[in-house]
Amino acid sequence: MRKHTMGLLAMAAASTLALSACGGAEVGGEPEGGASEGGDGITIGIKYDQPGLGLQDGAEYTGFDVDVARYVANELGYSEDQITFKETPSANRESMLQNGDVDMIFATYSITDERKEVIDFAGPYFVAGQDLLVAADNTDITGPEDLEGKNLCSVTGSTSAEKIKTDYAEGVQLLERPGYAECVTALAAGQVDAVTTDDIILAGLSAANGDGNLKVVGAPFSEERYGVGLPKGSDRCEDINAAITKMIDDGTWEELVAANTEGADYTPNADLNPPTPDACA
Amino acid sequence: MNDYLSGLGALLQQYDVLGAFWTNIQLTFWGALIALALGTLLALMRISPIASLRWAGATYVSIFRNTPLTIIMTFMVMGVWTALQIQLADNFEDNFFRLAVVGLAVYHAAFVCEAIRSGVNTVPLGQAEAARAIGLSFLPAARLIILPQAFRGATAPLGNTLIALLKNSTVAAAASVSWETSSTMKTMIEFNPNYLWEIFAVFAIGYVILVIPIGLLTTWLSRRLAVKR
Amino acid sequence: MSASVLFDAPGPRARSWTLAGNIVGALVVLAVAAWVLVQLDSKGQLEPQLWADAVSARTWQYYLIPGLLNTLRAAAFAIVGSIVFGLVFGTGRLSQIGLVRGVSGTVVEFFRAVPVLLMMVFFYGLFGQLLPGVGDKAFLAVVVALILYNGSVIAELVRSGVGNLPRGQGEAGLAIGLTPGQTLRSVQLPQALVAMLPAMVSQIVVVLKDSALGQLIGYQELLRTGQIVYSADGNPLQVLTVVAVVFIVLNLLLTVVAHQLSRLLSSRTAGQTIEGTGIGNPTAVAAGAGGTDKI
């Protein structure tokens, strides 16, 4: 009796372990593992789900944030194969920096006082503005004030929807989804009237998903200064700012913006761009 | 020490923790009610004389018991509401709340069905034979003889399903019910990492306080209601 | 089922009624399905391209399969850990020492009461503070939360497995001069473990389903990688359907395994084999629950 039991348990354990071993091996090809890995590499947090900014495209990563991250990492002395990209969803960015899951974040990360209490920022490297994405034939929404009584979608953990509710249209109804693609689907289906976030993100979304039936309203009503998220007390801020300044001065910045917003009918606000990095804390 | 206490006090005032728990309790209440009705119907189908109904009941259970609740919740918003345009209320809060209730109900109905079926299995053969012997057909036999005893026998697994439902109501976060406990706790931790333990303790103890009485009650009930044989 | 005692074998009239009912039922189902398809089509959701993108080789290779492997990896670690946790605390609850019983009982009851999602969120924050710069914290948090909950369920399985054995087993052990501890280890536990093996397989279903909660703390499991696919391709409904089907097929296979194991092993233990309910605490569904001799 006893032998049988142990045999069975051993079998169960062995098969589970085999399962886990095979899991571990194959996933090795996939970017994972923490900032500690290897010691001399760098782990950079990006979005995986934002066309034009940070997108996992098969085995590649594309978008403006990703390109800026590569440039800055090169300037910091990391070669291409020392960079590990990791997904940092909006709702997890602070925790992932605090946890040491990533060394820095380039993920449409607006510099705000609230966030500065828990993490540090370098940059900004881009200034976007909050805007609205609506159906192409929509004429009654021209700005955030028109959202009174309308339905609005935004992603979980971003503050852009709250801002509209408190500053512009108290009677707006909010839908929160984990990703913008779900918002765009709801907009295309007519269940929400608008999707709100930064104009450059909306431009990427309408270019990727729209088939020309969505448009960005084009009246940004905030300044979103995209910074490089760093853990509190990081010593990299000065070097990153120097890299950003160099990138703007040598014309790379402009090339990257143009390359990544191609086909989206979008030009960044020229009064605010390119920005000058803030002094480090 | 004073700073610590006032900081914690301010934190609990800033976020509506009790309101969040109230949301989960309401989700659980309505979810349980619908799941019980639907689950009983499914159990009836699974023991009914009609093969197609038995098949439909079994298929339902296989599908919903094996799908992660997170996916069902996402489907409620993206499939039922967005694609099929089924709106359960005019304002968003009620709408997503009700969609979450339906999501919880369709998922847990599969488990309610299995719980009742296990209760049916505690009913001795003689009871069913006696029911038929006095001329009852399927539905009257089920209603008068089998189900009342089956429910008594199923008290413990039904209680477990209710506890699971209460805890699973946190997954309503995936159906855009962002004011329930797990979302509230997540936001609180994100912006107050120094109070991590305290925040978790508040929510964990809240659930222990809710779950333990349900557990005790079902144990007591299942003993009290057990049919003496 | 034909041998059910709940109803007579249907006669000619009942059969024709059933046939008519089936036709009406089938028509209703078809009508609903047609309505759903028309609705989906009117929203452009039936575009072949959307479905093709959801099942393309590229989608599987770069997103769904790595995600599935992450799901399986978390589940594998969680199930091994749960078994260890369950054995330790399950036997703890059967201990002769009151303090050990009390502590084990408190631990098990606590972790069974707290929602897994809350534990994941908490451990994700905790590991961040305790282990700065170490490994994949979302993975660790998912695994630890799953172990604590499912381990507690298995601890209860161990306890009820021993409790369900005929009293004679324990008494026989004591009668031949074994201590209570020895009786537990060499007579009762081995039989209880055989009885609970099918339930443990069912518990893997719970672990697999709950691992999808990892999505909410950013663990790149199957559901999350699916979300990344539809961010680029704009096909949430289609991808979610594919992901759901993968989960269902996987879990159905496990359920079949659990059922077969239960039948196979029922002769190997003096207790009843337990299949597990796939939710909550699987004490009450004793096997035989397939119940051929009952209703």
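Two residues are in contact here if their C-beta atoms, placed from the backbone, lie within 7 Å. Keep that in mind for the views below, which show a predicted model.

**View 1. Helices H2(B) and H5(B) pack against each other in chain B.** Let's start with the two helices themselves: H2 covers residues 17-46 of chain B, and H5 covers residues 92-120. Their axes are 6 Å apart and form an angle of about 45°.

**View 2. A closer look at the residues where H2(B) meets H5(B).** On the H2(B) side you can find, among others, Leu27(B), Trp30(B), Gly31(B), Ile34(B) and Arg46(B). The H5(B) side includes Ala100(B), Leu104(B), His108(B), Cys113(B) and Arg117(B). Sorted by class, this contact has 16 nonpolar, 4 polar and 2 charged residues.

**View 3. An annotated domain in chain B.** An unreviewed UniProt entry lists residues 21-218 of chain B as "domain: ABC transmembrane type-1". In the model, this span is 80% helix and 0% strand.

**View 4. Chain C touches chain B.** Here 53 residues from chain C join 59 residues from chain B in the contact. On the chain C side, H1, H4, H5, H8 and H10 each supply at least two residues. Which helix gives the most to this side? The answer is H10(C), with 9 residues. By class, the chain C side divides into 34 nonpolar, 16 polar and 3 charged residues.

Note on methods: Residues are numbered from 1 along each chain as its sequence is written. Chains are lettered from A and ligands numbered from 1 in the order in which they are written. This is a predicted model: local features need pLDDT of at least 70, side-chain atom pairs count only at pLDDT 80 or more; totals for chains, interfaces and linings use all residues. Helices (H or I, at least four residues) and strands (E, at least two) are DSSP runs, numbered from the N terminus. Ala, Val, Leu, Ile, Met, Phe, Trp, Tyr, Cys and Pro count as nonpolar, Asp, Glu, Lys and Arg as charged, and the others, Gly among them, as polar. Axes are lines fitted to C-alpha atoms, for helices over the stretch in contact, and angles run from 0 to 180 degrees between N-to-C directions. UniProt positions are given in the numbering used here, feature names are shortened, and annotations may be inferred rather than shown by experiment.
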